[in-house]
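Subject: Structure handover and notes

Hello,

Please have a look at it first and then read on.

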Amino acid sequence: MLHVFIGDDDYTIRRAVEEVRKSAGDPTAVMTNTSVLDGKQVSPAELRQACETVPFLSDKRLVIVEGLLERFEAGAKSGRKKSSKKDGEPERWKVIADGIKTLPDFTELIIIGGDIKPTNPLLKELTPTKRVRTMKKLKPPELKSWINKYVTEKGSKISPAAVNTLV
């Protein structure tokens, strides 16, 4: 299954990753069946290999890729020479998107990105999967409400002054 978490709220993104990690099964088995890839460097073949590797003594394999979407942002510098359109090689984002669409059932693929524009070609290709979640930083009034709710859920209380200090 594919999960795409984008936005500037690192805390919420990390929590969402942990939710997927917990849902994947036994923590020890998940740890040995987790691959973390640098999206700025990973090739389509490396990504496919990580996703298609059968999990060892587990039902699930977790593959986390950070920075992949940024690679295809307009004006992004990947550090690689651009291939000419004449060589007939399909664009890398298209090859990656096609591979993602055929994920094995045992793979949980998490793609993490920052502030990604809706015009990103890979994001546009993955958006119809309904697995894209945008997580933006909360504004001060929303953050105050979130802090109060979080503290209450944990069975504690917090003063308004403490909430203001945290915000």
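Which backbone oxygen lies 2.8 Å from a polar atom of the side chain of Thr152? The backbone oxygen of Asn148 does. I will come back to Thr152 below, once the ground rules are set out.

This is a predicted model, in which local features need pLDDT of at least 70 and side-chain atom pairs count only at pLDDT 80 or more, while totals for chains, interfaces and linings use all residues. Residues are numbered from 1 along each chain as its sequence is written, and side-chain values use heavy atoms, with hydrogens and water left out.

**The fold as a whole**

The chain has 7 helices and 5 strands; helices (H or I, at least four residues) and strands (E, at least two) are DSSP runs, numbered from the N terminus. Read from the N terminus on, the order is β-α-α-β-α-β-α-β-α-β-α-α. Of the 167 residues, 36% count as buried, where buried means under 20% relative accessible area, exposed over 50%, and partly exposed in between, with a 1.4 Å probe and protein chains only. A contact here means heavy atoms within 4.5 Å. Among contacts between residues at least 6 apart in sequence, 76% join residues at least 24 apart.

Helix H6 covers residues 140–153, 14 residues in total. From first C-alpha to last it reaches 20 Å, close to the 20 Å expected at 1.5 Å a residue; the expected span is 1.5 Å times one less than the number of residues. Thr152 sits in H6 and is exposed, with a relative accessible area of 57%. After the helix comes Gly155, with a positive phi near 85°.

H6 also takes part in a pocket. The second largest pocket is lined by Asp9, Tyr11, Thr12, Lys136, Lys137, Leu138, Leu143 and Trp146. Helix H1 (10–23) and H6 are the elements that give two or more residues to this lining. By type, the lining residues divide into 4 nonpolar, 1 polar and 3 charged.

On a 1 Å grid over the protein atoms alone, a pocket is an open set of points where a 1.4 Å probe fits, with protein on both sides within 12 Å along at least five of seven lines, and lining residues have an atom within 4 Å of a point.

Gly113 is in strand S4 and counts as buried, at 4% relative accessibility. Leaving out residues up to four places away in sequence, Gly113 touches Phe5, Ile6, Gly7, Ile13 and Glu70. Its C-alpha is 5.7 Å from that of Gly67, 46 residues apart in sequence.

Asn120 is in the loop between S4 (107–113) and helix H5 (121–126), and at 1% relative accessibility Asn120 is buried. Its side chain makes a polar contact of 2.8 Å with the side chain of Glu73; a polar contact is a pair of N or O atoms within 3.5 Å, where within protein one must be able to donate a hydrogen and the other to accept it, and residues adjacent in sequence count only if both atoms are side-chain atoms. The side chain of Asn120 also reaches the backbone oxygen of Leu69 at 2.7 Å.

Thr102 is in the loop between helix H4 (92–100) and S4. Thr102 is exposed, at 54%, and its side chain reaches the backbone oxygen of Gly99 at 3.1 Å.

**Around helix H3**

Glu46 lies in helix H3 and is partly exposed, at 42% relative accessibility. A polar atom of the Glu46 side chain lies 2.8 Å from the backbone nitrogen of Ser43. Leu57, in the loop between H3 (44–52) and strand S3 (61–66), is exposed at 71%. Its phi is positive, near 55°, in a residue other than glycine.

Best wishes

Methods:
Ala, Val, Leu, Ile, Met, Phe, Trp, Tyr, Cys and Pro count as nonpolar, Asp, Glu, Lys and Arg as charged, and the others, Gly among them, as polar.
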